[in-house]
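Open the model in your viewer and keep the selection tool ready. This tour goes stop by stop.

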Amino acid sequence: MSTETMKRPRAAAPGAAGAGRLSFPGVLRSEFIKFFSLPSTMILILSTFVVMVGIAALGVWGVGASLQAMAAQPEMAAEMGDITVLAASLPGSGMIVAQLIIGALAVMVMSSEFATGSARSTFVATPTRQPVLWAKTLMVAVVSALVALASLLAAFLVSRPIAENYDLPLDFASEVYQRNLWFGVLYVVMVSLIGLALGTLLKNSAGGIVVLAALFFVLPIVVDGLSGFVSWLADAARFLPDHAGSALMQMPGAEGALEPWASGLVVGAWIIVPLVAAALLLQRRDI
């Protein structure tokens, strides 16, 4: 009997499974596995891609058809502004809607952990909690950047033949288009990381998505509408994330916009401050 007792494996002490600390690459790998194991992930990513490409194609077609109809009325065509700048922005026109889709996905990356109760097991495996948040941050930044870049490039490839049909000057190598491409990717990353921070702060998917939509859709409209009555709101509006991100995509010297370096600082602040607040709150509150 004593021999059997000696050979019998000792029961694991509570918490022994989490005694070995996970490395950050291990946490990052587990986050990618969880993220892509959900069917909703691919549905929302594909939706983002389709929306950006589809709206871009419709935008180029609509502008081209309008210009063709205005050919006999030069004064109306002149009201549309610089056609080169307008054409370069069209492949990214779908970003207005797609940013909400990819932003909602980012909100759910963290909020779903609390909704399903999986946050308990996640933070038992990683008691310090911070590696989980920063792994999700890196994952969301990489995924949103790749999705935005692939969507914008596909939108350009689809839009180019339509633009040529209407003699629209859509040049991939132009400075105007390159600014729209790369700063457009940064814009989507900013939206996604703000969404991740909101999901962490609010622990609720619906609440995070509503706040994100209000921040990028409702608030700019309200501020712009009231700026005609309250003069200082026009200056304050430049510091909203939507305005600062859009200013980076414009050519330097745009009327009413911040300098590019200032817009970059504003975008950086809108990324860093919510994430730091989320990290502090995540560390202190109960799950």
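## Stop 1: a charged network

Select E31: at 3% relative accessibility, E31 counts as buried. Buried here means under 20% relative accessible area, exposed means over 50%, and partly exposed lies in between (1.4 Å probe, protein chains only). The model you are viewing is predicted: local features need pLDDT of at least 70, side-chain atom pairs count only at pLDDT 80 or more, and totals for chains, interfaces and linings use all residues. Residues are numbered from 1 along each chain as its sequence is written, and side-chain values use heavy atoms, with hydrogens and water left out.

A salt bridge is a side-chain nitrogen of Lys or Arg within 4 Å of a carboxyl oxygen of Asp or Glu. Helices are DSSP runs (H or I, at least four residues), strands are runs of E (at least two), and both are numbered from the N terminus. Both K136 and E31 are buried.

K34 counts as partly exposed, because its relative accessibility is 32%.

Which residue's side chain meets K34 in a salt bridge of 2.7 Å, N to O? Select E113. E113 lies in helix α6 and K34 in helix α2, so the pair ties together parts that are 79 residues apart in sequence. E113 is buried, with a relative accessible area of 5%. Show E31, K34, E113 and K136 together: salt bridges that share partners join them into one network. A search of the whole structure finds six salt bridges.

## Stop 2: the whole chain

Zoom out and switch to cartoon. The protein chain has 13 helices and zero strands. Of its 287 residues, 41% count as buried. Contact means heavy atoms within 4.5 Å. Among contacts between residues at least 6 apart in sequence, 77% join residues at least 24 apart.

## Stop 3: helix α3

Select residues 39–69, helix α3. At 1.5 Å a residue, its 31 residues should span 45 Å, and the end C-alpha atoms are 45 Å apart, which agrees. The expected span is 1.5 Å times one less than the number of residues.

Color the buried residues of α3, among them T41, L44, T48, M52, V53, V60 and L67. What covers the buried residues? The cover includes α2 (24–36), α5 (83–89), α6 (95–116) and α8.

Step across to S151 in helix α8. S151 counts as buried, because its relative accessibility is 0%. Leaving aside residues up to four places away in sequence, S151 touches T48, F49, M52 and V53.

## Stop 4: the nonpolar core

Select L168 and F216. These have the most contacts inside the largest nonpolar core, which has 68 residues. The largest share of this core, 14 residues, comes from helix α9 (residues 175–202). A nonpolar core is a set of buried Ala, Val, Leu, Ile, Met, Phe, Trp, Tyr and Cys residues joined through side-chain atoms within 4.5 Å.

Stay on F216. Not counting residues up to four places away in sequence, F216 touches Q99, Y187, M190, V191, I194, P241 and D242.

## Stop 5: a nonpolar surface patch

Where do nonpolar side chains form a patch on the surface? Select F24, W134, L138, V142 and L146, which together have about 430 Å² of accessible area. Patches are made of residues with over 30% relative accessible area and no salt bridge: like charges are joined within 9 Å, nonpolar side chains (Val, Leu, Ile, Met, Phe, Trp, Tyr) within 5 Å. Helix α8 (residues 130–165) gives the most to the patch, with four residues. V142 is in helix α8 and counts as partly exposed, at 35% relative accessibility.

Key
Areas by Shrake-Rupley, 256 points an atom, 1.4 Å probe, with all protein chains shown as cover.
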